[in-house]
Amino acid sequence: MAHHHYRNLDDVNVVLPPSAVLRWQKERFGKKRDHSYIMPQATEKEHEFLAANRAEPTLTWVGHTTFLLQLDGFNLLTDPVWAGRMGFHRRLAQPGLALEDLPPIDAILISHNHYDHLHLDTLRRLGRGIPIFVPAGLAAWLRAKGFSCVQELSWWETAVLGKLHLHFVPAQHWSRRLLWDTNHSHWGGWVLQSAAGPTVYYAGDSGYFRGFAEVGRRFSIDYFLAPTGAYEPSWFMQTQHASPEQAVQAYLDCGARFFLPMHHDAFPLGDETTLETLDRLKAAWQQRSLPPDALKLPLLGETLRLTW
């Protein structure tokens, strides 16, 4: 079967050769990283409110890039990962909500097929019948795994859930689950355009690229959920993962009102720490004199009421 090889905008290649991976692993071996700072959990978790709420738009950060979003009466999950470890790495901060504390989930959005974004065990535990929206090239694979309700989208295509519009948009990244399936499925972000609420841009995993500005031209973004982890060492990571400074530039490019960082709390996939990420993000924010209340730093399991 001939496989379509998916590409980035401007054909940017982000997959580095094995020699680069070895160089990074050697460098990494000599580094001591202090992971003693663990992203705090919210003291109040609003399970009862979330279970009953079908009217108010909310966002709850579960951890890594998993969010529970309540929009137009639907309960959505982005890249649900409740794994306790990822490869050799134990999870640093526990998920902000337990799977059993979630309200009934109406749909799942997947950004790409890397294991820290598409976690089969979590998807199975959520239930094989929940509608899953995935990038082009992933639907047949998920159906073969027993998931019955899968819809795949290419960049700039839209799925509709009631009055909610789910737009699949570009990201600068790559895909792989096995050694021989590199870029056999696509990757991207999701713009969730709510009829009676805000527009949320979940960027998935992405390096800094001109696509952020293009998303801003096409949509009026209220909340930008920004990837800000796994960016060190920059010589290895920069094409595929934005640094905190680049994520702030992406926020300005897409014209969003509010910025929420993600991808920096759970799995030590890069050489930076959670604390370094937050420190650099706050410094970049202040250097550009951006409004302090536009930077949202929710605790794990904290529920934000969204404005628009």
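This is a predicted model: local features need pLDDT of at least 70, side-chain atom pairs count only at pLDDT 80 or more; totals for chains, interfaces and linings use all residues.
1. Start with the largest pocket, which holds about 1000 Å³ of space. Its lining is made up of 29 residues, and Trp24, His114, Trp174, Arg176 and Leu269 are the ones nearest the centre.

2. Where does the largest share of that lining come from? It comes from α1, with five residues. Both α1 (18-29) and α6 (234-237) give the lining at least two residues each. Sorted by class, the lining has 16 nonpolar residues, seven polar and six charged.

3. On to the salt bridges: the whole structure has 13 of them. One of these pairs is Asp271 with Arg33, where the closest N and O atoms are 3.8 Å apart. This one links distant parts of the chain, 238 residues apart: Asp271 is in the loop between β14 (258-262) and α8 (274-287), and Arg33 is in the loop between α1 and α2 (47-52). Asp271 is buried at 7% relative accessible area, whereas Arg33 is partly exposed at 29%.

4. Have a look at Arg280 and Glu245 too, whose side chains form a salt bridge at 2.8 Å, N to O. Arg280 sits in helix α8 and Glu245 in helix α7 (residues 244-254), so the pair ties together parts 35 residues apart in sequence. Arg280 is partly exposed, with a relative accessible area of 27%, and Glu245 is partly exposed as well, at 30%.

5. Two more items for the list. Asp11 pairs with Arg7, with 3.2 Å between the closest N and O atoms; Arg7 is exposed, at 53% relative accessible area. Finally, a network of salt bridges links Glu46, Glu56 and Arg305.

Methods:
Residues are numbered from 1 along each chain as its sequence is written. Side-chain values use heavy atoms; hydrogens and water are left out. On a 1 Å grid over the protein atoms alone, a cavity is a set of points where a 1.4 Å probe fits but cannot get out, and a pocket is an open set with protein on both sides within 12 Å along at least five of seven lines; lining residues have an atom within 4 Å of a point. Grid points are joined across faces, edges and corners, and a volume is the space filled by probe spheres set on the points. Helices (H or I, at least four residues) and strands (E, at least two) are DSSP runs, numbered from the N terminus. Ala, Val, Leu, Ile, Met, Phe, Trp, Tyr, Cys and Pro count as nonpolar, Asp, Glu, Lys and Arg as charged, and the others, Gly among them, as polar. A salt bridge is a side-chain nitrogen of Lys or Arg within 4 Å of a carboxyl oxygen of Asp or Glu. Buried means under 20% relative accessible area, exposed over 50%, partly exposed in between (1.4 Å probe, protein chains only).
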